[in-house]
Amino acid sequence: MNLKNDLGLKPINDVIATHPVIGEILQRYDIGCVTCGVGICLLKDVVSIHALGDEAEAQIETEINTYLDNQ
């Protein structure tokens, strides 16, 4: 994933704490990181681990980058 501001290289718990909307985007794809108590996985790994396929991953990337553009 190529996310703006190197966000893909940050732990998911930090990402969601700073950008709760990203948690909402992930939940729409049945990625339940919002409720994870550990949260140390990198955002880019969280998406790829769920093996949603290239099309879904590209859509998630687009949605997150669009959200970041509007910040």
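Visitor: Is Lys44 buried, partly exposed or exposed?
Guide: Buried means under 20% relative accessible area, exposed over 50%, and partly exposed in between (1.4 Å probe, protein chains only). The relative accessibility of Lys44 in this predicted model is 29%, so Lys44 counts as partly exposed.

Visitor: Which residue forms a salt bridge with Lys44?
Guide: A salt bridge is a side-chain nitrogen of Lys or Arg within 4 Å of a carboxyl oxygen of Asp or Glu. The closest N and O atoms are 3.0 Å apart, and the partner of Lys44 is Asp45.

Visitor: Which parts of the chain does the salt bridge of Arg28 with Glu63 link?
Guide: The closest N and O atoms of Arg28 and Glu63 are 2.5 Å apart. Helices (H or I, at least four residues) are DSSP runs, numbered from the N terminus.

Visitor: Which element has the highest mean pLDDT?
Guide: pLDDT is the predictor's confidence in each residue, from 0 to 100. Local features need pLDDT of at least 70, side-chain atom pairs count only at pLDDT 80 or more, and totals for chains, interfaces and linings use all residues. Residues are numbered from 1 along each chain as its sequence is written, and side-chain values use heavy atoms, with hydrogens and water left out. Helix 3 (residues 43–49) has the lowest mean, 83, and the highest, 94, belongs to helix 4.

Notes. Helices (H or I, at least four residues) and strands (E, at least two) are DSSP runs, numbered from the N terminus.
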